[in-house]
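Here are a few friendly notes to read alongside the coordinates.

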Amino acid sequence: MRHRFLASMCCLVAAIAMVWLAPGSAVGQARGSLEVASAAKTAPHLRTPDGQPDLQGLWSFATITPLERPDELAGKEFFTEKEAVDYETGVLKRNNMDRRDGSAEADVTRAYNDFWWDRGTRVVKTRRTSLVIDPPDGRVPALTTEAQTRQDDRAAKNRGHEFDGPENRPLPERCLVLQGSGPPMLPTAYNNNTRIVQAPGYVMILVEMGHEVRVIPLDGRPHLPQGVRQWKGDSRGHWEGDTLIVETTNFTDKTAFRGASENMRLIERFRRADADTLLYQFTVDDPSAFTKPWTAEVPVTITPGPLFEYACHEGNYGMRGALAGAREEEKRAAPKAQTETK
Amino acid sequence: MRTKLAVLVASIGLLFAVAPMWAHHAFTAEFDAKQPIKLRGTVAKVELINPHSWIHIDVKGEDGQVVRWMVEGGTPNTLLRRGFTKTSLPVGTEIIADGYRAKDGSNRANGRDITFPDGRKIFLGGSSPDAPPEK
């Protein structure tokens, strides 16, 4: 087992060492016209020397298109060009962190001026109004009663104990599963970059947020035994035409992506749409958590990089600061509580 | 004690709520909205560490005593990508950090706005409406 792993890693490293460059010609497609059909053929100049569609490069997920369609856009699947610009202007104004208006709480929540935030400035190039493309209303389907109960129970158990210790804090604060790092991968407030490297028999996906790596075998081997559960699940890939399909199972019950159970079956699709665009889609299939499967799509764009390490635990003073703040508040509240009980 | 540290309580605007934002950690848990703070001091150290950058500044109080404060910024990756490195803010540079003090009472604050004494922002750009559009 160990030898097989080492051999696999050697193959991967060797392939990385001779990374073939993505062709430079940039023939962008007009906004809103990306062909989604998986039967679409990848152009010959966008293929690796061994003929696979070339998915390699550094890709940015940054976009201000929301995962779910906002209520005010109900029934509207696509923006016109003008609507997209108006929407972008409105969102950027609302999100502008240089502003200092509003309550002190709102000001603390904004944290820093706009320089530090990097969520992108544009809607997706298809001009869809939500990343969710199925169901057609652009919304994540309702949780099943079972999943809702599970979520409520978990919240109830933590209520009043949110700052007891690190274990009570959300996964991103604990540097365990960072926002947007997936799978599935989604746009977030910064560190939106992902590197894909292809090697014979493998695809590697390195996500900047949390510098998390998935090494995905393409050789048809079975998933890990059911008893082995991982924060990021267990991914297996294969090609269907020019689309890379990655199936991920074996999640932990702690990952709980948007209320999903450990039995979530995630299907991701990667297709090189053009020189500048990778069409990324994922389908969440988890009958015990969602009333129906749902699919989202992010046309991700090539970005010059570089990609930096994000070693979240390196100086996670925030965890100490939040817990110390809670201890201080308890101390302040203690004399008051004693007075009230007298 | 606080007044001795040349700490000015900033006046805060009112009224407009903002959409909740996601970030690496809960800012309102760590920093106290009731303790706005304005620190004027010189850069002693820049920590470009994950998950957040920290700028250490020496703040001279009215009594002449110097106290070191830590001011939190965002992910260092954003800075590096925009060409800002550890040497971009040399030791000794005078800056003003306008933010909120840590709830635990330590000499830490978030750097809501960090400027030079003449008012110029040290960190400019980002995804603000004035930023150049993405490709």
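1. Let me begin with the helix at residues 145–158 of chain A, α4(A), which is hardly covered: of its 14 residues, the count of buried ones is one. Buried here stands for 20 or more other C-beta atoms within 10 Å of a residue's own, with C-beta atoms placed from the backbone. Helices are DSSP runs of H or I with at least four residues, strands are runs of E with at least two, and both are numbered from the N terminus.

2. A word on provenance: this is a predicted model, where local features need pLDDT of at least 70, side-chain atom pairs count only at pLDDT 80 or more, and totals for chains, interfaces and linings use all residues. Residues are numbered from 1 along each chain as its sequence is written, while chains are lettered from A and ligands numbered from 1 in the order in which they are written.

3. From its first C-alpha to its last, α4(A) reaches 20 Å, close to the 20 Å expected at 1.5 Å a residue (1.5 Å times one less than the number of residues). Just after α4(A) comes A:Gly160, with a positive phi of about 85 degrees.

4. Chain B has two helices and five strands, arranged along the sequence as α-β-β-β-α-β-β. Buried residues are 39% of its 135 residues.

5. The five strands of chain B close into a barrel with mixed pairing, in the order β1-β2-β3-β5-β4. Pairing requires at least two DSSP bridges between two strands. In chain B, β1 (residues 31–47) and β4 (residues 94–102) pair antiparallel over eight bridges, and B:Pro36 stands opposite B:Tyr100 in β4(B).

Conventions. A residue is buried if 20 or more other C-beta atoms lie within 10 Å of its own, exposed if 12 or fewer, and partly exposed in between; C-beta atoms are placed from the backbone.
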